[in-house]
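I opened a notebook on this model and kept a record of what I looked up, entry by entry.

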Amino acid sequence: NDQPIRSLFGADGGPFGGEHLSDLLWALESLAWSPANLGRVAEVLARLDTIDPGGRFMNRPGNSLAKIFILWLPQTYATLDERLRVVDHLRKSEPAATWKLLIAMLPSGHGSITPSPHPLWRDYSPEKQETVTYGLIGKGAEAVSARLLDDVGTNPKRWQAILKHINQLAPGPKPAIQRLAETEPRIRAAGERQELWETLRDVLHHHRQFPDANWSLDADDLDALEAIYERFAPADAVEKIAWLFSPGARLPDPGVEGWQSEQSKITSVRQSALADLLKRRGIDGVFALARTVELAGYVGGTLTELKIDEDLRDRVLERALKSDNSRERDLAHGLIYSYFPQGKEAWARALLKRAATAHWGQTAVIDILRALPVTRWTWQQAHEAGADIEAEYWKHTPPLWMDGDVDDVVFMADKLIDAGRAREALHFVGHHLPKSLPSALLVRVLDETLRQPWDAKRDDHNEPTMFRYHVARLLKAIDESGVSENELLRLEWAYLPVLEHSERPAKVLIKALSERPCFFIEVLSALFRPSENSGITEPAPADPERASAIASHAFDLLRLWDRVPGTKPDGQIDGRSLEDWVKEARKLAAAVGRGDIADQKIGEVLSASPLGSDGVWPAIPVRDIIEITRSKHLETGFEIGLCNRRGATTRLPTDGGAQERDLVERYRGYAKATALEWPRTSAALEHIARRYEEDARWHDDNAERLDWHR
């Protein structure tokens, strides 16, 4: 239960953290080219696949196994017969992994693989290699299909897999359809029958939607599958129609007229099914359905479409709104939401009055309000219902459904913030930003979003992306509103982590770093302690967690800093301004014991220099600073900054160091051009050229090894 091999399935933390299994998988894939090794390699990979807990990387044992055995491009020199013998052995030793392998081996209309690596020092290729032809692929597909039908048994999960790939079976789907028809009576568990019923419905929907596609089953096969589908249907009237009231319900015969036609057909089928249930089982049947379905609001909406009489509607509403069951209350929500366009405000006001005077309870009143349109009229009804109900209403009302004027947006945003929903207010305001909203509201939303807690575990993977997008939109709107630079500086600092990859970067912070030496020292001091030889000591932070968060912001800001101090609007650098900034920053840094690290960070930003007016890099004012300061730490930072600004590179495996040799030529040329007047700059440029020269040799050697193998 605690095998050491399981540690290989872990991964390093962070977005770029590596996983530990790749080298082992690549080694096994290399060995699998040898027919003599194939059996042992396959057994190891199948065992690893069996204990694989899964993860975010695609490089997994099951994938390695599948591409070795894939019929149309096997990553081994073993013949088809040899591969099938290995598969038959695996069916006995690792049946679960082998079932997945057999499914993966089925030919499909489209597919891709990453070729397996070959051994670097051995040649496993046979004198005569088996050629993959369409005939050989067909033979393999028949062998795989036969093994799938032999191993499927009464296992519903395996039958689901076969049904999803039924058009890929060879010589065709009929043997599988016949086998399923024979197996159906032996699958007795209600849950298993339900799963297969749903899978069959999806298969029928998919193939009947595209009858002319070359992968679609013919009409006779689909009719045979539908007959089996009907046999799997639940006997209970409620369970038999519950699927119709789920989001994305798909009919077994949707027709070919398109999405709108299918939706209209679904609406009609829902109405017929609910009318029949209401006739046979009355209101109790409707409530039983509401408790069963995923979204009971669809049931309420369909009741409205049936145009039931007023007395029946009122009885359903009262019972649903007074219920302790959340799905039954959702039934009321759907009915109110759907009927409001007919009954309008007068009907809704009467319903609210009835709920209050008949003492249906506070929850019933809130449910009525939440089902009404998100408008001023509804907000007024919530206000008149009392402070407790109004507060509860604003805790749950869905903001993005509102579409009012500027005053409505401001009113609702303030109410959401007061209800502790500032982050939702941010999304709401961002969604309505084409409207000219007051800057005070935008600032308040951003500030309150920072103060109010947010549950990051909410099941919305798109929320962080939209959060970054809306923060950027709010800041862009604030840019145009005349808010002070200090206010923007404060907001950018607070939201720095989400601005880096947004459409509105932290430009005011970057500008402040390049214009205010004291701000640069403030940021530097948040990240670095005084040097040991400075003689300056500082007390430990009173709040280590907050200090760590500030240090993280400081690190990010210095990493993003790409504007050389003294840069003018036209992009050129004013030498006097740059020199004054550097002198002041170095003086302030020395006073707080951070002189060396300040020099390094100054050097890093100097590497963002444009070309000089003489066509040589860096610009002349930057060269002058390097010569004037005579700081080895500054020159080291200059080299580090330049290399970091290059970023990641891509190349073909046999390209070698061509990219680096171009850089060597460029920076060696700059070194020669600056040698006479700026010798320290020239030395730094020559050192950069030598580093790229070493990188070029490394890439050349690596390409040569790969070329030798080829």
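**Backbone entries**

I began with K344, which lies in helix α15; helices here (H or I, at least four residues) and strands (E, at least two) are DSSP runs, numbered from the N terminus. The model is predicted, and local features need pLDDT of at least 70, side-chain atom pairs count only at pLDDT 80 or more, while totals for chains, interfaces and linings use all residues. Residues are numbered from 1 along each chain as its sequence is written, and side-chain values use heavy atoms, with hydrogens and water left out.

I looked up the backbone of K344 and found a positive phi of about 60° although K344 is not a glycine. K344 is partly exposed, with a relative accessible area of 45%, where buried means under 20% relative accessible area, exposed over 50% and partly exposed in between (1.4 Å probe, protein chains only). I noted as background that most residues other than glycine have a negative phi, and most peptide bonds are trans.

K307 also carries a positive phi, of about 55°, although it is not a glycine. I placed K307 in the loop between α13 and α14, and K307 is exposed, at a relative accessible area of 69%. D309 is in the loop between α13 (297-305) and α14 (310-321) and is partly exposed, with a relative accessible area of 48%.

I then turned to cis peptide bonds and recorded one that joins A170 and P171, with omega about 5°; P171 lies in the loop between α7 (156-164) and α8 (174-183). Another cis peptide bond joins W617 and P618, with omega about 0°, and P618 lies in the loop between α29 and α30 (620-629).

**Ring entries**

F520 and W581 make a tilted pair, at 5.3 Å centre to centre and with 45° between the planes. Because F520 lies in helix α26 (residues 517-527) and W581 in helix α28 (residues 575-591), this pair ties together parts that are 61 residues apart in sequence. F520 is buried at a relative accessible area of 0%, and W581 counts as buried at 5%. I also found W617, F638, Y667, Y670 and Y692 linked into a cluster by ring pairs.

For charges over rings (NZ of Lys or CZ of Arg within 6 Å of the ring centre and within 35 degrees of the ring normal), I noted R313, whose charged end sits over the ring of Y339 at 4.2 Å from its centre. R376 lies over the face of F411, 4.5 Å from the ring centre.

**Packing entries**

Which residues of helix α17 (residues 376-384) are buried? I listed W377, T378, W379, Q381 and A382. The buried residues of α17 pack against α15 (326-357), α16 (362-371), α18 (387-396) and α19 (406-418), where contact means heavy atoms within 4.5 Å. Just after α17, G386 takes a positive phi of about 120°.

In helix α25 (residues 507-515), I recorded V508, L509, I510, A512, L513 and S514 as the buried residues. The buried residues of α25 pack against α23 (485-494), α24 (496-499), α26, α27 (544-560) and α28.

H553 is in helix α27 and counts as buried at 16% relative accessibility. Leaving aside its neighbours within four places in sequence, I found H553 in contact with W493, A494, L496 and P497. E604, in helix α29 (residues 595-606), is buried with a relative accessible area of 13%; with its neighbours within four places in sequence left aside, E604 is in contact with G637, F638, I640, G641 and R645.

About 750 Å³ of space lies in the largest pocket. Of the 31 residues that line the largest pocket, the closest to its centre are G62, N63, A66, K67 and I113. A pocket here, on a 1 Å grid over the protein atoms alone, is an open set of points where a 1.4 Å probe fits, with protein on both sides within 12 Å along at least five of seven lines, and lining residues have an atom within 4 Å of a point. Grid points are joined across faces, edges and corners, and a volume is the space filled by probe spheres set on the points.

I noted that α3 gives the most to the lining of the largest pocket, with six residues, and that α1 (22-31), α3 (61-69) and α5 (95-105) each supply at least two. By class, the lining has 15 nonpolar, 11 polar and five charged residues, with Ala, Val, Leu, Ile, Met, Phe, Trp, Tyr, Cys and Pro counted as nonpolar, Asp, Glu, Lys and Arg as charged, and the others, Gly among them, as polar.

How values were computed. Phe/Tyr/Trp six-rings, centres within 6.5 Å; stacked < 30°, edge-to-face > 60°.
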